[in-house]
Amino acid sequence: MFPLNTRVLIVDDMASLRDLLKAYLRRLGFKHVTEAVDGRDAYQTLIASKAAGNPFELVISDWNMPNMTGLELLKLVRGIPDWKNLPFLILTTENEKEKVMEAVMAQVSNYIVKPIEERTLEEKLLRTWQKLNPPT
Ligand SMILES: [Mg+2]
């Protein structure tokens, strides 16, 4: 599983969803959770923290957001060599499930269908960690 000191960036245009994700992550024990309100805010936050030497190690992003969508953010992130393998989970709604393939093509690490439950989030995080750190 992701270490509990992993620096996590959550991205959603809805404050209530950010609060929910934050509460789940805190309950799971994560100590460093930061939020961004849309893709553009997230990208600036990612760049700034990288420049400051405190890069984020996990991104959990909504898809539908003003200014920059989660998919656009994912594509920008994957365009940066250091972030080719940055764990990036995207949130979709039930009726967007067919769009998941688009995110897979853009190298998303995993996806979660809303509404999000704490146990689902935990499972997806665990599977993502296992996928990125296969047993040797
Ligand atoms: Mg949204």
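Start by selecting β1 (7-11) and β2 (32-36). These two strands run parallel, and five bridges join them. (Strands here are DSSP runs of E with at least two residues, helices are DSSP runs of H or I with at least four, and both are numbered from the N terminus; two strands pair if DSSP finds at least two bridges between them.) Click on leucine 9, and you'll find threonine 34 of β2 standing opposite.

Before going on, a word on what you're looking at. This is a predicted model, where local features need pLDDT of at least 70 and side-chain atom pairs count only at pLDDT 80 or more, while totals for chains, interfaces and linings use all residues. Residues are numbered from 1 along each chain as its sequence is written.

Together, β1, α1 and β2 make a right-handed β-α-β unit: with the strands pointing away from you, the path from the first strand over the helix to the second runs clockwise.

Which residues of α1 are buried? Select Leu21, Tyr24 and Leu25. (Buried means 20 or more other C-beta atoms within 10 Å of a residue's own, exposed means 12 or fewer, and partly exposed is in between, with C-beta atoms placed from the backbone.) Look down the axis of α1: its buried residues fall within an arc of 95°, so they line one face of the helix. That arc is taken from the directions from the helix axis to the C-beta atoms. They pack against β1, β2, β3 and α5. Just after the helix, glycine 29 takes a positive phi of about 110°.

Gly39, Ala42 and Leu46 are buried here. They cover an arc of only 60° around the axis, which puts them on the same side of α2. Their cover includes β1, β2, β3 and α3. Turn to the face away from that buried side, and you'll see exposed Gln44, Ala48 and Ala51.

Finish inside. The largest nonpolar core has 29 residues; such a core is a set of buried Ala, Val, Leu, Ile, Met, Phe, Trp, Tyr and Cys residues joined through C-beta atoms within 7 Å. Leu9, Val59, Leu74, Phe88 and Ile90 have the most contacts inside it. Zoom in on leucine 74: leaving aside neighbours within four places in sequence, it is in contact (C-beta atoms, placed from the backbone, within 7 Å) with Phe88, Ile90, Ala103, Ala106 and Val108.

Notes. Two residues are in contact if their C-beta atoms, placed from the backbone, lie within 7 Å.
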